[in-house]
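Please look through the sequence and the model shown below before reading on.

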Amino acid sequence: MARAFALDFYSSKAWKETRSAYMRSVGGLCEICLQNGIYTPAVIVHHKIHLDPETIKDPEVALAFSNLCAVCVDCHAKEHQKNSRRYTILPNGSLKI
């Protein structure tokens with residue numbers, strides 16, 4: 001889910017058109033998986049330089065193809081160093097939600 005400062009950006013015509021054009025330009029596949037010979041549909045267009053309240057105003061960061069990467073959910077989670085699951089299995093075997 002987008003952070004509050006980015007809500008208007010992600011619903012903008014400029015982002016929607018850029019996202020769609022970028023996804024078409026890479027064939028709709030996860031670029032990271034593809035580097036490993038795995039064909040996985042991309043579902044997210046990730047910003048290599050992350051957006052924050054300042055960088056979101058810079059089209060060279062927010063809208064430039066050179067700053068974008070099409071990724072699957074798992075690769076996006078890895079890019080953000082997050083666990084792609086919504087839970088964690090604790091050492092004692094119980095779940096932490």
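Does Trp15 count as buried or exposed at 4% relative accessibility? Trp15 counts as buried, because its relative accessibility is 4% and buried means under 20% relative accessible area, with exposed being over 50% and partly exposed in between (1.4 Å probe, protein chains only).

## Basis of the report

This is a predicted model, in which local features need pLDDT of at least 70 and side-chain atom pairs count only at pLDDT 80 or more, while totals for chains, interfaces and linings use all residues. Residues are numbered from 1 along each chain as its sequence is written, and side-chain values use heavy atoms, with hydrogens and water left out.

## The chain as a whole

The protein chain has five helices and four strands, which are DSSP runs numbered from the N terminus (helices: H or I, at least four residues; strands: E, at least two). Along the sequence these elements follow the pattern α-α-α-β-α-β-α-β-β.

Of the 97 residues of the protein chain, 30% count as buried. Among contacts (heavy atoms within 4.5 Å) with a separation of 6 or more, 56% are between residues 24 or more positions apart.

## Aromatic pairs

A pair of aromatic rings is described by the distance of the centres and the angle of the planes. Rings of Phe, Tyr and Trp (its six-membered ring) pair if their centres lie within 6.5 Å, and planes under 30 degrees apart count as stacked, over 60 as edge-to-face and the rest as tilted. By this rule there are four aromatic pairs. One of them joins Tyr10 and Trp15, whose centres are 5.5 Å apart with 85° between the planes, an edge-to-face arrangement. Tyr10 is partly exposed, because its relative accessibility is 31%. Ring pairs also link Phe9, Tyr10 and Trp15 into a cluster.

Tyr22 and Phe65 form a pair with centres 5.0 Å apart and planes at 90°, so this pair is edge-to-face. The pair links distant parts of the chain, since Tyr22 lies in helix H2 (residues 13-25) and Phe65 in the loop between helix H4 (59-62) and strand E2 (68-71), 43 residues apart. Tyr22 is buried at a relative accessible area of 6%, whereas Phe65 is partly exposed at 38%.

Ser12 sits in the loop between helix H1 (7-10) and H2, and with a relative accessible area of 21% Ser12 is partly exposed. The side chain of Ser12 reaches the backbone nitrogen of Trp15 at 3.1 Å. A polar contact is a pair of N or O atoms within 3.5 Å; within protein, one must be able to donate a hydrogen and the other to accept it, and residues adjacent in sequence count only if both atoms are side-chain atoms.
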